[in-house]
Amino acid sequence: MKDLPITVLVHDGPMARAYLAALRASGLRPERILLLVYERHPSTGKPLGRFLPGSLRTAYAERVQSGAFFHWPRFLRATRSKLYDGMVEKIGEALDLSSDVFEELVGESPLEAFTDRLERLRVSGLKDPALAEALSGYGPTAVLFTGGGILRENLLELPGVRFLHIHPGFLPHVRGADGLLWSSLVRGRPGASCFYMEAGLDTGALVRAEKFPRIVFPRSLTDSLDDAMLYRALFSFYDPVLRAKMLTNVLHAEADPLNLPTEPQNTRVGVTYHFMSPAVRKAALHELFS
Amino acid sequence: MDSLLSEIEATLPTALANGNKTVTFVGRLVRERPDQLDEATREGLDALCRKVDIVRQVWVAYDASWKKATDKTPLPLEHWPALVAALLLAADRCKQESDGKGQSLKLINAAFNAITLYQDRAKDPEPPFLVALKDWAARSLADR
């Protein structure tokens, strides 16, 4: 196992676990994992364990957020095993990924299994000054961002820190939300891109953009699942490993994650998409399940 | 579709004022139905997609960049059909362009969302013109 000079900023969930599992499957171990433990419940917004002492509060909050962030992958794997097994088989074959990677998507392994250096940070969110402070204490480092959306300037301008992000769309053509679905609907196949983040949405300097084979899941796998559940299945099992595949196509034993060769993006090309309406989502799902 | 557009045109003010008023912008698109969309129109449409899809609110007027509302009065319900029609007309135009499929679908997506927002706000959530707009949006999606 080779140590990779990168900090994985873990917003826990299938995406972060897919990255970590894929790196491990490639023989790579991130130098450090910084796990964000949110002070409030991800869904209800209620404060977590506020009457508990510090370390217990963090442990309790971590357990609760794990239950929330892994709810759908765990539920779907447990109750829709035909769908889960079928998706794993198809995706694993198309992306040449071992079943070990998929097993990690439900977040049952301790994060210590992926690194020798795991740190936990209790934060109110990405704007919390404690996060900037923690990252600036690491010195020059590449940080793999495992959440969604954009980062504020207080993080992007930290000296010596560069944020790597994997976007589930072929840049510069597919930016924004629901990248996997928009790629399937507009371009007929998925894509993913790795870039260094900057203030704009998916506009940073491009490390690599790649198209992947089209996968169509048989409708017979889905029983009577509604669109919302199929959407959750895609974002539990497909989107995370697509990104992870891209990550391991970029990062290898000799890679320097802080100084990967880049090309500027042509920001005049492409479309920034938003979350899909139910009607358009139905059409996109039809491209993926038929 | 012509009769639907005529019906919607009848809801627009007779004289469309200058300035970055939402009703002026969508009203011109509905009345003039340009064959091609210029850069400023594309920017305005993209901004309106954002208002509808993300902000989920459309105000009556914005600054020149469409970033800041200059009048935070919600767009009156009577003008939402023109907004939806403008998005769908623009989607039809984009679809004709060689690389316009994505933009066209983005506009159709916003049209569906705008219909939902209208229904959330209106006392009568299913007036006949809305059914016609829904059909138009569904046809545009099917013909992608």
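Why does A:Gly270 count as buried? A:Gly270 has 21 C-beta neighbours inside 10 Å and therefore counts as buried; a residue is buried if 20 or more other C-beta atoms lie within 10 Å of its own, exposed if 12 or fewer, and partly exposed in between, with C-beta atoms placed from the backbone. The legends below describe a predicted model, in which local features need pLDDT of at least 70, side-chain atom pairs count only at pLDDT 80 or more, and totals for chains, interfaces and linings use all residues. Residues are numbered from 1 along each chain as its sequence is written, and chains are lettered from A and ligands numbered from 1 in the order in which they are written.

**View 1. The surroundings of A:Gly270.** A:Gly270 lies in the loop between H9 and strand S9 (271-273) of chain A. Helices (H or I, at least four residues) and strands (E, at least two) are DSSP runs, numbered from the N terminus. Neighbours within four places in sequence being left aside, A:Gly270 is in contact with A:Leu171, A:Pro172, A:His173, A:Val174 and A:Arg175. Two residues are in contact if their C-beta atoms, placed from the backbone, lie within 7 Å. A:Ser98 is 172 residues from A:Gly270 along the chain, and their C-alpha atoms are separated by 33 Å.

**View 2. The loop residue A:Phe275.** A:Phe275 is found between S9 and H10 of chain A. With 15 C-beta neighbours inside 10 Å, A:Phe275 counts as partly exposed. Apart from neighbours within four places in sequence, the contacts of A:Phe275 are A:Ala177, A:Asp178 and B:Asp53. A:Leu181 is 94 residues from A:Phe275 in sequence, yet the two are 9.4 Å apart in space, C-alpha to C-alpha.

**View 3. The crossing of H8(A) and H10(A).** The axes of helix H8 (residues 179-187) and helix H10 (residues 278-288) of chain A come within 9 Å and cross at roughly 75 degrees. These axes are lines fitted to C-alpha atoms, for helices over the stretch in contact, and angles run from 0 to 180 degrees between N-to-C directions. H8(A) and H10(A) are therefore roughly perpendicular to each other; angles under 35 degrees count as roughly parallel, over 145 as roughly antiparallel, 65 to 115 as roughly perpendicular and the rest as oblique. H8(A) contributes A:Leu181, A:Ser184 and A:Leu185 to the contact, while H10(A) contributes A:Arg281, A:Ala283, A:Ala284, A:Glu287 and A:Leu288. By class, the residues of this contact are five nonpolar, one polar and two charged. Ala, Val, Leu, Ile, Met, Phe, Trp, Tyr, Cys and Pro count as nonpolar, Asp, Glu, Lys and Arg as charged, and the others, Gly among them, as polar.

**View 4. The buried residues of H10(A) and their cover.** In H10(A), the buried residues are A:Val280, A:Arg281, A:Ala283, A:Ala284, A:Leu285 and A:Leu288. Their cover includes H8 and helix H9 (227-250) of chain A, together with H5 and H6 of chain B.

**View 5. The contact between chain A and chain B.** Eleven residues of chain A and 15 residues of chain B take part. On the side of chain B that touches chain A, the elements giving two or more residues are helix H3 (39-55), helix H5 (101-121) and helix H6 (128-142) of chain B. H5(B) supplies the largest share of that side, ten residues. The side of chain B that touches chain A comprises seven nonpolar, five polar and three charged residues.

**View 6. The largest nonpolar core and B:Ala111.** The largest nonpolar core has 122 residues, and those with the most contacts inside it are A:Tyr19, A:Val241, B:Leu87 and B:Ala111. Such a core is a set of buried Ala, Val, Leu, Ile, Met, Phe, Trp, Tyr and Cys residues joined through C-beta atoms within 7 Å. Helix H4 (residues 80-95) of chain B gives the largest share of this core, twelve residues. Residues up to four places away in sequence not being counted, B:Ala111 touches B:Val84, B:Leu87, B:Leu88, B:Ala91 and B:Ala137.

**View 7. Chain B in outline.** Chain B has six helices and two strands, in the sequence order α-α-α-β-β-α-α-α. Buried residues make up 38% of its 144 residues. The C-alpha atoms of chain B fill a box of roughly 35 × 35 × 30 Å, taken along the principal axes.
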